[in-house]
Amino acid sequence: MVERFRIWAHDCDPEITPDERGGWVTHFDYAALESNVATLRAEIDQLRRELDAIRNETIEEAAKGVERIVAAALQLDGVTHSLPAPARHHDVMYALDEAYWQKHMGKERSGFLTSEGRFVNRFEAKDIARHAGQLLKRASKLPELFSEDVW
């Protein structure tokens, strides 16, 4: 699309000619410009339709029951703490009261929340993210999931 825009923009480049007083006059081909703007608008509308289709596909997957990873989480004494994506595990730690965190430090379990409301460990989370197609291209090859692998 960018290359097409360059070509269209070139088609609309003004013609510059000298005037009778020694200055310069710019002449635009407004018909070509209007035509190219209409074509660009059509391209943008097509991209919007494609994006809507992708969004709807993701919503349909969720409706079909495909479990997804939705948040990084920590469990301390059976209580699950999380923040919405793209928060990382350290963001959850910093959000906790310092005294509470000091009391439970070293006893925490790090994992993830799923779209089904389950807390899962990093290993199970990796399988869920893989199955849901959530892993980014740059995801680690390690068997456990890191928030950097999905957002």
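1. S147 counts as buried, with 2% relative accessibility, where buried means under 20% relative accessible area, exposed over 50% and partly exposed in between, computed with a 1.4 Å probe and protein chains only. The residue is found in the segment after α5 (122-132); helices (H or I, at least four residues) and strands (E, at least two) are DSSP runs, numbered from the N terminus. This is a predicted model, in which local features need pLDDT of at least 70 and side-chain atom pairs count only at pLDDT 80 or more, while totals for chains, interfaces and linings use all residues. Residues are numbered from 1 along each chain as its sequence is written, and side-chain values use heavy atoms, with hydrogens and water left out.

2. Leaving aside neighbours within four places in sequence, S147 is in contact (heavy atoms within 4.5 Å) with A87, R88 and F112. The side chain of S147 makes a polar contact with the side chain of R88 at 3.2 Å; a polar contact is a pair of N or O atoms within 3.5 Å, and within protein one must be able to donate a hydrogen and the other to accept it, residues adjacent in sequence counting only if both atoms are side-chain atoms. S147 and F112 are 35 residues apart along the chain, and their C-alpha atoms are separated by 8.6 Å.

3. A search of the whole structure finds one aromatic pair. The rings of F112 and W151 have their centres 6.5 Å apart and their planes at 75 degrees, so the pair is edge-to-face; by the rule, rings of Phe, Tyr and Trp (its six-membered ring) pair if their centres lie within 6.5 Å, with planes under 30 degrees apart counted as stacked, over 60 as edge-to-face and the rest as tilted. Both F112 and W151 are buried.

4. The count of salt bridges comes to six, a salt bridge being a side-chain nitrogen of Lys or Arg within 4 Å of a carboxyl oxygen of Asp or Glu. E67 forms one with R118, the closest N and O atoms being 2.9 Å apart. Because E67 lies in the loop between α2 and β3 and R118 in the loop between β5 and β6 (119-121), this pair ties together parts that are 51 residues apart in sequence. R118 also meets E124 in a salt bridge (2.9 Å, N to O), and E67, R118 and E124 are linked in a network. E67 counts as buried at 16% relative accessibility, whereas R118 is partly exposed at 33% and E124 partly exposed at 32%.

5. Another salt bridge joins the side chains of K126 and D149 (3.8 Å, N to O). K126 lies in helix α5 and D149 in the segment after α5, so the pair ties together parts that are 23 residues apart in sequence; K126 and D149 are both buried.

6. Two backbone features deserve a look. A cis peptide bond joins A85 and P86, with omega about 15 degrees, and P86 is found in the loop between β4 (79-84) and α3 (89-95). D77, although not a glycine, has a positive phi of about 50 degrees; D77 lies in the loop between β3 (69-76) and β4 and counts as exposed at 59% relative accessibility.

7. For the chain as a whole, there are five helices and six strands, running α-β-β-α-β-β-α-α-β-β-α from the N terminus on. Of the 151 residues, 29% count as buried.
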